[in-house]
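Dear colleague,

I am handing over a structure to you, and it is shown just below. Once you have had a look, please read on for the notes on what was found in it.

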Amino acid sequence: MSMSNANFPMDSEGRTYHVGVKRGELANRIITVGDPARAIVLSRSLDGVDPSAPAKSISANLFSHASHRGFLTITGRYKGTPVSIVAIGMGVSMMDFFVRECRAVVDGPMTIIRLGSCGSLSDAKVGDICVPSSSYLVQRNYDYFAEDSSASSASPYILSKKFDADPEVTATLVKNMSAQLGDNHVWNGINATADSFYSSQGRQDENFVDNNQELFTELVKYEPGTLTLEMETFLLYHLARTSTVAPLKEESKVKAAATSNKHSIRAGACMMVFAQRKSNEFISKEDVARVEPLAGKAVFDSLVEVSLGDESELHATEGS
Ligand code: R1P
């Protein structure tokens, strides 16, 4: 694979360096997940896919691309509207690759919704869904652990300011999740995104010095509405809130459609509680198989329900 442009590498076909997508392969409405197997499960709700087909394979009716860096993109239509599913793996770095590289090859406004899994610090039970209105970052304070550290008064974990989801996307997700799973299984609040599955999510590991015994208490004191811990949502919200409307793609004649919006990306997220951190329960395989497709439908319904802006000016992606 030969790349040009060290600032934003792309190959001769216009494919991005890590996600491996090019213009025309992604829809403006995207659901992003961590696990590629979840992406394939969700793809079974797309138009023209036989729901009785083998669960582990992607329908030949859909566009799909697996990149050499572990990103899986599937594009098709949901109730007639082009949508993509992108599996990104784990962590804020992967979210950064995904959002920036997808933004670079899609014209016009975008809506991106993450459907992830999480740990619950709240009363949300395994199998419930949390839809965070905002998210903050929990970062290990590396300096605190340095041998020559003079940071004895500093905290071992740094908590960022909150960034908000798009309020309409959040409200639509709450409504559609409640329709699929029932009101009492859907929670709205604040998410904390951590830079580790372990130390900065308060997991105890005797093999390392983590100083995280009080972390849960600190998080709830910092933001009493903290419901969940996971590893990507903060960066999605942050990038959506720092996305610009400006860049018109020279090679396309499409005008930026989101002229009335300040940002070119609207973002939302929802997460299935896999780990109940207070009671120490973990979700069963059966519950994952039951909840995932229902949550997926609620996300697809939300993606197509929320307007992108002036859709007449959009470059519709033909996915199927
Ligand atoms: C950890 O097991 C992973 O699961 C959660 C976390 O954010 C992290 O990526 O989300 P996904 O199920 O979407 O990957």
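**Thr 226 and its surroundings**

Leaving out residues up to four places away in sequence, Thr 226 touches Leu 121, Ser 122, Tyr 136, Ile 190, Ala 192 and Leu 219, where contact means heavy atoms within 4.5 Å. Before going further, please note that this is a predicted model, in which local features need pLDDT of at least 70 and side-chain atom pairs count only at pLDDT 80 or more, while totals for chains, interfaces and linings use all residues. Residues are numbered from 1 along each chain as its sequence is written, and side-chain values use heavy atoms, with hydrogens and water left out.

Thr 226 itself belongs to strand β12, which covers residues 226-230; helices (H or I, at least four residues) and strands (E, at least two) are DSSP runs, numbered from the N terminus. With a relative accessible area of 4%, Thr 226 is buried, a word that here means under 20% relative accessible area, whereas exposed means over 50% and partly exposed lies in between (1.4 Å probe, protein chains only). The side chain of Thr 226 also reaches the backbone oxygen of Glu 223, at 2.6 Å. This is a polar contact, that is, a pair of N or O atoms within 3.5 Å; within protein, one must be able to donate a hydrogen and the other to accept it, and residues adjacent in sequence count only if both atoms are side-chain atoms.

**The ligand**

The ligand sits in the largest pocket. A pocket is found on a 1 Å grid over the protein atoms alone, as an open set of points where a 1.4 Å probe fits, with protein on both sides within 12 Å along at least five of seven lines, and a molecule sits in it if more than half of its atoms lie within 2 Å of its grid points. Around the ligand are Gly 34, Arg 38, Met 90, Arg 114, Gly 116, Ser 117, Phe 197, Glu 230, Met 231 and Glu 232, each having a heavy atom within 4 Å of the ligand. The element that gives the most to this shell is strand β7 (residues 110-120), with 3 residues.

A polar side-chain atom of Arg 38 lies 3.0 Å from a ligand oxygen, an N or O atom in the side chain of Ser 117 is 2.6 Å from one, and a polar backbone atom of Met 231 is 2.9 Å from one. On its own the ligand has 340 Å² of accessible area, of which the protein covers 84%, as calculated by the Shrake-Rupley method with a 1.4 Å probe.

**Residues that touch those around the ligand**

Phe 274, in strand β13 (residues 265-276), is buried, with a relative accessible area of 14%. Its contacts beyond four places in sequence are Arg 38, Ser 117, Cys 118, Val 126, Glu 281, Phe 282, Ile 283 and Val 288. Phe 274 and Ser 117 are 157 residues apart in sequence, yet their C-alpha atoms are 5.9 Å apart in space.

Ser 196 lies in the loop between β11 (186-194) and α4 (215-222), and at 17% relative accessibility Ser 196 counts as buried. Setting aside residues up to four places away, Ser 196 touches Gln 201 and Met 231, and its side chain reaches the backbone nitrogen of Tyr 198 at 2.7 Å.

**Other buried residues**

Thr 170 is found in helix α3 (residues 167-181) and, at 7% relative accessibility, counts as buried. Beyond its neighbours within four places in sequence, Thr 170 is in contact with Val 131, Pro 132, Ser 133, Ala 165 and Asn 188. Between Thr 170 and Gly 268 there are 98 residues of separation in sequence and 5.8 Å in space, C-alpha to C-alpha.

Leu 72, in strand β5, counts as buried at 10% relative accessibility. Its contacts beyond four places in sequence include Pro 36, Ala 39, Ile 40 and Ile 85, and the C-alpha atoms of Leu 72 and Ile 85 are separated by 8.0 Å.

**Two loop residues with positive phi**

Asn 5, in the loop between β1 (3-4) and β2 (10-11), has a phi near 75 degrees, a positive value in a residue other than glycine, and at 46% relative accessibility counts as partly exposed. Lys 79, in the loop between β5 (72-78) and β6 (81-87), likewise has a positive phi, of about 50 degrees, and is exposed, with a relative accessible area of 59%.

With best regards

Notes. 1 Å grid on protein atoms, 1.4 Å probe; cavity = no way out; pocket = protein on both sides within 12 Å on 5 of 7 lines; lining within 4 Å.
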